[in-house]
Structure formats: structure tokens, C-alpha cells
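Biologist: I have not looked at this one before. Can you walk me through it?

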Amino acid sequence: MNITDIKKAFPIFTHHPDLIYLDSAATALKPAVVIASEQAYYEQCSTNIARGIYPLAEQTTTAFEESRATVARFIGARTPEEVIFTAGTTASLNLTADLLASRITKEDNIVTTALEHHSNFLPWKELAKRNKAELRIVPVTETGTLHLEALKKLVDNHTKIVAFSATSNVLGTINPVSEIIRIIRSLNKETVIIVDAAQAVGHIPVDVVAWDADFIAFSGHKLFGPTGVGVLFGKQTLLNQLSPVAFGGGMVLDACALETLYKDAPARFEAGTPNIAGIIGLGAAITFIESIGVAEIHAHETKLARYACQALQKAFGDDIRILAAKNPEDQSSIVSFTLTGAHPHDTAQLLGEHNICVRAGLQCAAPLHEALNLSATTRLSFSIYNTEHDIDLLITRLKEIRTIL
Amino acid sequence: MSSIYQDIILDHYRNPRNHGTIAHPTHQAKALNASCGDKLQMDIIIKNDIILDVKFSGVGCAISQAAASLLTETVAKKPVTEVLVLEPQDVLTLLGVPLSPSRIKCALLSLETLKKTLNSQKTA
Ligand SMILES: Cc1ncc(COP(=O)(O)O)c(C=O)c1O
């Protein structure tokens with residue numbers, strides 16, 4: 001991968017040549033091809049989908065469904081009908097909770113984990129509370145991996161849902177998704193399994209059939225796509241058993257019948273005009289990723305993450321606590337740390353004064369910070385446009401910051 | 001870009017005034033900044049409606065710690081009624097640097113904690 005050429009694909013570097021962007025886990029930068037695809041839609045088609053029968057509307061519908069097919073192929077779905085478009089991971093997970101709500105009774109339990117982003121924690125906490133079910137939380141080990149032995153004890157005959165993330169947005173550990181799902185299925189065949197793949201898709205090869213999850217959620221904007229669009233993958237057999245929870249145009253077959261007749265999935269879960277430009281842009285983003293290759297991206301990102309861990313350790317010794325995967329093979333593009341004498345907020349602000357963008361705080365994962373006894377962390381997350389030089393500069397500035405504070 | 005880390009802020013961050021706890025405060029409360037995890041506690045002794053002593057403790061960034069230091073320095077020995085009417089702008093004026101919206105939250109955690117403490121039930 002040629003980094004100079006890759007940087008040229010991202011217009012933001014023309015506007016900010018000195019930008020060192022180490023916050024791609026929050027949102028990835030956008031390549032020109034993605035921006036152009038949205039603009040082309042607005043300039044050249046600009047019509048609604050599945051409504052008009054004039055040529056421009058058909059053109060939009062075709063482009064829209066091509067995006068669905070691209071997503072399906074990218075994640076290995078059996079058919080594009082397993083891909084529901086949403087507004088993002090958060091919307092996908094909340095939709096899943098709503099879809100499953102009627103199945104949950106007070107005898108049941110819902111299992112989630114201590115390393116979740118709030119958007120894969122709060123929907124389950126709320127659902128459990130509303131339906132008077134029990135919420136069970138899989139703890140993390142001292143090194144920040146999911147406690148699989150504890151998981152085995154938490155899943156039982158009354159476990160209706162297990163929701164966990166493929167990659168932690170704080171620690172960057174890649175969880176053994178297939179193995180975890182195999183464990184859950186061996187304990188309860190009926191449990192609906194949901195994977196938050198917001199930090200995994202585009203970073204590691206994802207094959208939904210190999211994973212065998214029932215639902216998988218991710219966001220477009222974290223894989224170089226537009227904001228405001230996301231995906232909920234659902235197993236087709238399950239989707240068509242579920243009743244819609246949002247009602248309106250585009251999702252109904254017979255609205256006048258006494259018992260309203262709804263379309264099959266995914267249409268039944270996509271009421272109203274969707275984010276057409278964004279979804280077309282998401283298709284372009286995936287095509288962009290495929291032109292580089294997920295394996296190549298993963299190799300580049302993990303090489304940087306490992307380099308960052310080593311360089312930070314070398315520079316700050318006992319003063320730094322690095323939160324990263326214990327096992328180098330489980331390392332994704334994310335590394336968080338705490339540094340004695342430099343609060344994450346001050347660190348992020350002072351780095352910002354030098355055009356270095358990092359994330360500071362609880363990173364929408366308060367339960368994990370509590371479990372690891374941390375008040376706040378600084379997070380680095382790498383992407384294809386980052387280099388080892390970025391990390392060297394970061395460390396130089398961190399050393400300066402420690403003399404200021 | 002001019003740094004918000006001016007001498008006055010760094011001085012109060014490195015050598016915070018009124019840092020610590022009070023053994024038998026008449027009022028005590030805690031507040032939390034949910035986005036960054038900063039926690040602040042204030043211990044206060046009020047007698048005849050005057051803040052006789054005030055101390056703060058907890059973890060935080062330079063801005064939240066300096067703001068707490070400056071604020072406690074300002075309100076010590078003042079009548080409670082005078083302190084209760086303090087506004088966010090008063091804290092920002094004490095700090096004297098322009099802050100972005102996310103950092104304003106850091107600065108105002110001290111005022112929130114202070115008011116919560118003054119409005120809390122008497123502990124002793
Ligand atoms: C693991 C994880 N889950 C969920 C989300 C929420 O994604 P979004 O804000 O795009 O809905 C994020 C993003 O920060 C994340 O990192």
C-alpha cells in the first residue's frame with residue numbers, strides 16, 4: 001500500500017496537510033470517491049427509490065439496491081435481503097432490541113458484557129428493565145478480554161439474547177467471535193446472538209456465515225462512508241418471523257386489510273424514505289475498501305498499533321499504562337493508554353494544538369472503565385492514512401506535554 | 001492557536017489551593033462529568049451562613065482542577081447567599097482563557113459541585 005497515494009485519495013489532507021488523524025475509531029476520514037458518489041446522486045438522479053416508475057427513479061432504485069448487494073457480498077451474507085439499512089450502529093442495535101422486545105418475559109435474561117460501547121449496553125439494560133427481565137453482564141479479565149468461563153456460567157435456558165462486540169472500541173482487542181457464538185449455541189440453541197461489529201467491519205475480514213450470529217450491526221462512517229447510514233444484518237429465517245416496529249411508506253403490501261400485510265425483510269424494517277445518498281456512498285466506500293483489500297488494511301493498522309505500543313512503552317516506561325490486546329494476534333487498530341501526570345483531556349487538547357487528533361475520556365464505555373478501575377483514557381486509532389512517522393511525532397509532543405503539565 | 005495552558009491555570013493545577021477533605025464538614029457533595037469521567041467532591045463548613053472552610057478532592061484535568069482551586073479560593077469566607085448566585089461566566093472569568101464547549105464542561109464541574117454541596121443536607 002502506497003501511503004502517499006492513499007493520502008491523496010482523502011481531500012481533507014489538501015485542506016489540512018499537517019493533519020495527524022488518530023481518531024478513526026470515532027469516524028474515518030472520507031475518500032473523494034465516496035464524496036463524489038453522493039454528489040453524483042444529488043446532481044444526476046436526485047429521485048426517491050421504489051416509488052416512481054420513470055427512468056430517473058428506476059436509476060436511483062438500481063443504485064440503491066446495488067449498494068445493498070455490495071454490503072451483502074462484503075460481509076458474506078447469503079442474500080442482499082439479509083441487509084437492513086439503518087442510520088448507524090446505534091440505530092441498528094436499538095432496532096434489534098425493539099424487534100425482540102415482545103419475546104422477552106420476566107423469566108428471561110439478557111446477557112451483555114462489560115466491554116461494550118454504551119450503544120450495545122443501554123438498549124439491553126433498558127429492554128431488561130421494561131420487560132422485568134434480568135440483565136447479566138459478562139465481566140472482563142484483568143487484561144481486558146472477555147471472561148469466557150464466566151460467560152459459560154451466565155448463559156442458561158432462560159437466556160433470550162446475548163449481545164457482545166467483535167472488537168472493543170477502547171482496548172482494540174478482537175474477540176474470538178465464532179468461538180464465543182459456538183459456546184453460546186452449545187448452551188442454548190434458542191438464544192438470539194447480536195454482534196456489534198462497529199469496530200470490526202472494514203478492519204478484519206468479516207464472514208457472517210462463519211460467525212453464525214443472528215444479527216450484526218455496524219456504521220458506514222467508520223468504514224470511510226458517510227455519516228447517518230448503517231447496517232443491520234439479520235438471518236433471513238429469523239427476520240421474516242419478526243414483526244415490524246416502525247410503520248409507514250415502502251414497507252406494506254396491503255394497508256387496507258383488517259390485518260395489515262407487510263412486505264418481507266428487509267423492506268418491512270425500512271419504513272419511510274431512507275438516506276439514499278448515504279447508502280449509495282456506503283456502497284462506494286466498500287468498493288474503495290475492496291480496491292485496497294481488508295487483509296492489507298488489517299496488516300497496516302495492526303503494524304502501526306504494535307509499533308505504537310512498543311514506542312510508547314520505550315518512551316514512558318513505568319509512567320504509561322497501555323491498554324491493548326495481550327495477544328498480538330488479537331490486536332486491532334486501537335490502542336488506549338493513561339500517562340502519569342497528563343490527564344487525557346489535557347493531553348488531547350495540547351496534542352490538538354499541534355493538529356494531532358486523539359480521543360480522550362470514557363469513550364462511551366463507562367462500564368469498562370469502571371471494571372478496569374480507570375477514570376479516563378486517551379485513545380489512538382489508526383487507519384490506512386497513518387504512518388509510523390505520525391506515532392513518532394505524537395511521542396515527541398507527548399514528551400513536551402509532560403514538561404508543560 | 002494560543003494555548004489555554006496559561007501560567008495561572010498551570011499554577012493552580014500544580015499547586016491547588018484548598019485541596020483535600022475536611023474531617024467534619026457541615027456539607028458535602030460529589031459531582032461527575034459523564035463524558036470524561038472527572039469526579040469532584042467538596043467539603044464545606046458553614047457557620048452563621050458564612051463559608052468558613054472549603055476543600056475539594058477528586059480527579060480531573062488541569063482545567064477542572066484549576067477551576068476548583070480558583071473557585072474555592074474565591075468563595076472562602078463569603079456569605080452563602082453571595083456564592084449561590086455565582087454564574088458560569090464568573091468561573092470562566094476566574095480562569096481567564098477562552099475555552100471550547102467541551103472544556104467549558106470541565107471548568108463548570110467545580111461550580112456544579114459547589115452549588116450541590118451548598119444545597120445538600122447538613123451532615124453535622
Ligand atoms: C463498538 C462500538 N459500538 C457502537 C458504536 C456506535 O456507533 P454509531 O455512533 O455510529 O451509532 C461505536 C462508535 O463509536 C463503537 O465503537
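Modeller: What follows is a short tour of a predicted model, starting with the ligand.

Biologist: Fine. Which residues surround the ligand?

Modeller: The shell consists of A:Thr89, A:Thr90, A:His117, A:Ser119, A:Asn169, A:Asp196, A:Ala198, A:Gln199, A:Ser219, A:His221 and A:Lys222. Sorted by class, eight of them are polar, two are charged and one is nonpolar.

Biologist: What lies 2.5 Å from an oxygen atom of the ligand?

Modeller: A polar side-chain atom of A:Thr90. A:Ser219 has a side-chain N or O atom 2.6 Å from a ligand oxygen, and for a polar side-chain atom of A:His117 the distance to an oxygen of the ligand is 3.1 Å.

Biologist: And how much of the ligand's accessible area does the protein cover?

Modeller: On its own the ligand has 390 Å² of accessible area, and the protein covers 85% of that.

Biologist: Let's move to the aromatics. How many aromatic pairs are there over all chains?

Modeller: There are 10. In one of them, A:Tyr21 and A:Tyr385 have ring centres 6.4 Å apart. Their planes meet at 55°, so this pair is tilted.

Biologist: Where in the chain do A:Tyr21 and A:Tyr385 sit?

Modeller: In distant parts of the chain, 364 residues apart. A:Tyr21 belongs to strand E1, residues 20–21, while A:Tyr385 is in the loop between strand E15 (377–381) and helix H15 (388–404).

Biologist: Is A:Tyr21 buried or exposed? And what about A:Tyr385?

Modeller: A:Tyr21 has a relative accessibility of 11%, so it counts as buried. A:Tyr385 is at 0% and is buried as well.

Biologist: Give me another pair. How are A:Phe64 and A:Phe85 arranged?

Modeller: Edge-to-face, with 5.5 Å from centre to centre and 70° between the planes. A:Phe64 is in helix H4 and A:Phe85 in strand E2 (residues 83–86), so their pairing ties together parts of chain A that are 21 residues apart in sequence. Both A:Phe64 and A:Phe85 are buried.

Biologist: Now a charged residue. Is A:Asp23 buried or exposed?

Modeller: A:Asp23 is buried, because its relative accessible area is 12% and the cut-off is under 20%. A:Asp23 sits in the loop between E1 and H3, and its side chain makes a polar contact of 3.4 Å with the side chain of A:Arg379.

Biologist: What about A:Glu142, buried or exposed?

Modeller: Exposed, with a relative accessible area of 81%. A:Glu142 is in the loop between strand E4 (134–138) and helix H7 (148–154). From A:Glu142 to A:Lys189 is 47 residues in sequence and 30 Å in space, C-alpha to C-alpha.

Biologist: Last topic, the backbone. Which residues are joined by a cis peptide bond?

Modeller: A:Ala265 and A:Pro266, with omega at about 5°. A:Pro266 lies in the loop between strand E10 (261–262) and helix H11 (276–292).

Biologist: Why mention that?

Modeller: Most peptide bonds are trans, and most residues other than glycine have a negative phi.

Biologist: Then what is the phi of A:Ser46?

Modeller: About 50°, a positive value, and A:Ser46 is not a glycine. A:Ser46 is in the loop between helix H3 (32–45) and helix H4 (55–75), partly exposed at 43% relative accessibility.

Biologist: And what is the phi of A:Asn355?

Modeller: A:Asn355 has a positive phi of about 65°. A:Asn355 lies in the loop between helix H13 (344–352) and strand E13 (356–357), and with a relative accessible area of 40% it is partly exposed.

Methods. Residues numbered from 1 in each chain as written. Chains lettered and ligands numbered in written order. Predicted model: local features only at pLDDT ≥ 70, side-chain atom pairs only at ≥ 80, totals over all residues. Heavy atoms only, no water. Helix = DSSP H or I, 4+ residues; strand = E, 2+ residues; numbered from the N terminus. Buried < 20%, exposed > 50% of the residue type's maximum accessible area, 1.4 Å probe, protein only. Near = heavy atom within 4 Å. Polar contact = N/O pair within 3.5 Å; in protein donor to acceptor, adjacent residues only side chain to side chain. Areas by Shrake-Rupley, 256 points an atom, 1.4 Å probe, with all protein chains shown as cover. Nonpolar A, V, L, I, M, F, W, Y, C, P; charged D, E, K, R; others polar. Phe/Tyr/Trp six-rings, centres within 6.5 Å; stacked < 30°, edge-to-face > 60°.
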